[in-house]
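Please have a look at the structure first.

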Amino acid sequence: MTADNSTANTSREAAEAHRLIAASSASRALNLLGDRWTLMISSSAFAGVTRFEDFQSGIGIARSLLTDRLRRLETAGVLVRSRYCERPPRDEYLLTEMGRDLFGPSMMIIRWEKRWHFDPKVPAHNMKHSCGHDFIPECRCNHCRMEIIARDTIGEPGPGAGMEPAPKARAQRRSTVEINSGTHAMIERSIEVLGDRWIAHVIAGAFYGHRRFSEFQQALGVATNILSERLARLVSLGILEQSQYQDSPVRYEYKLTPKGLDLFPLVLELVRWGGRWMSDSAGPPEYIRHKPCGGIITPLLTCSHCGEELTRESLSGL
Ligand SMILES: [Zn+2]
Ligand SMILES: [Zn+2]
């Protein structure tokens, strides 16, 4: 590499480090959670795992990675460390209230999986509600109780609206580790969608109305090679569809397919969770309004069989 190239790279990296994007609760949540190991650790914690060795054997993760991700979750306030043995010193990791509040997003992951990738071997797909029945978690408006779909909603700025630094690029190798679905609540498809931070950001961007390459790039502050690769992957996963809008030069736009649009309740739960736990003192950067009733939505998660609200205590087999 010549001296000129290295100067160019350094200044480009510096420019990317200072790029500002519109603050969004979903992005804040995804910056923390949009990582396959973090997702697997959180879902194991939901299944009752608390100890380092049990996380490690259940997930099949390297010790150094597990140490790093546990520390990150602890710093964010999702897990808290508690000493269960003095000699030798041993800690366990417990979900905080913020961690337990990930119940909503996890229900919406299970909803999407059951609708598009049902697998009877995945324990979470067979859980029962306290009404005694199999069910699919539903996402309803807390005001009018209608089931929420993307086109019935509109985003608007909240008290914490503004700009913030774009997420930094993080070395994230694609992992090919096989997931042990016996101890795992999530299937590979969800991990593929959510466990890659940029994939998850691109999906959220599509819900914010971005269609064109330049729109995604501006909104996410992402490098072009990363964006091209993630858009292509989302097309191959059946979440986005590509259509040409210009001949010369050839340009494409990207729209959510029905399967992609059906991820909306999950995005909504991430907006709620990020807004509740990751806002500064001004308040959440955005609200989502339900057009049919005019109310600002706090999602209400219900059982598709009996219509009652879902709580962690009302489920068995999770
Ligand atoms: Zn409503
Ligand atoms: Zn029920």
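**The chain as a whole.** Please keep in mind that this is a predicted model. The chain has 318 residues, and 34% of them count as buried. Its secondary structure comes to 13 helices and 12 strands. Among contacts with a separation of 6 or more, 70% are between residues 24 or more positions apart.

**An enclosed helix.** Helix H2 covers residues 25-33, and eight of its nine residues are buried, so H2 is largely enclosed by the rest of the structure. The buried ones are Ser-25, Ala-26, Ser-27, Arg-28, Ala-29, Leu-30, Leu-32 and Leu-33. What lies over them? The cover of the buried residues of H2 includes helix H3 (36-46), helix H5 (63-76), H9, helix H13 (264-277) and strand S10 (286-290).

**Two helix pairs.** Two packed helices are described by the angle between their axes and the distance between the axes. The table gives both values for two pairs.

| Helix pair | Axes come within | Crossing angle |
|---|---|---|
| H2 and H13 | 7 Å | roughly 85° |
| H9 (197-207) and H11 (224-236) | 10 Å | roughly 75° |

Take H9 and H11, whose axes cross at roughly 75°. An angle of 65 to 115 degrees counts as roughly perpendicular, so H9 is roughly perpendicular to H11. On the H9 side, the contact is made by Trp-198, Ile-199, Val-202 and Ile-203, and H11 brings Ile-226, Arg-230, Leu-231, Arg-233 and Leu-234. By type, the residues of this contact of H9 with H11 are seven nonpolar, no polar and two charged.

Now for H2 and H13, with axes that cross at roughly 85°. H2 and H13 are therefore roughly perpendicular to each other as well. From H2, the residues making the contact are Ser-25, Ala-26, Arg-28, Ala-29 and Leu-30; they meet Val-267, Leu-270, Val-271, Trp-273, Gly-274 and Gly-275 of H13. The contact of H2 with H13 divides into seven nonpolar, three polar and one charged residue.

**The core.** Which residues touch the most other members of the largest nonpolar core? In this core of 65 residues, they are Ala-29, Ile-41, Val-202, Ile-203, Val-267, Leu-268 and Leu-270.

Note on methods
Residues are numbered from 1 along each chain as its sequence is written. Chains are lettered from A and ligands numbered from 1 in the order in which they are written. This is a predicted model: local features need pLDDT of at least 70, side-chain atom pairs count only at pLDDT 80 or more; totals for chains, interfaces and linings use all residues. Axes are lines fitted to C-alpha atoms, for helices over the stretch in contact, and angles run from 0 to 180 degrees between N-to-C directions. Helices (H or I, at least four residues) and strands (E, at least two) are DSSP runs, numbered from the N terminus. Angles under 35 degrees count as roughly parallel, over 145 as roughly antiparallel, 65 to 115 as roughly perpendicular and the rest as oblique. Two residues are in contact if their C-beta atoms, placed from the backbone, lie within 7 Å. Ala, Val, Leu, Ile, Met, Phe, Trp, Tyr, Cys and Pro count as nonpolar, Asp, Glu, Lys and Arg as charged, and the others, Gly among them, as polar. A residue is buried if 20 or more other C-beta atoms lie within 10 Å of its own, exposed if 12 or fewer, and partly exposed in between; C-beta atoms are placed from the backbone. A nonpolar core is a set of buried Ala, Val, Leu, Ile, Met, Phe, Trp, Tyr and Cys residues joined through C-beta atoms within 7 Å.
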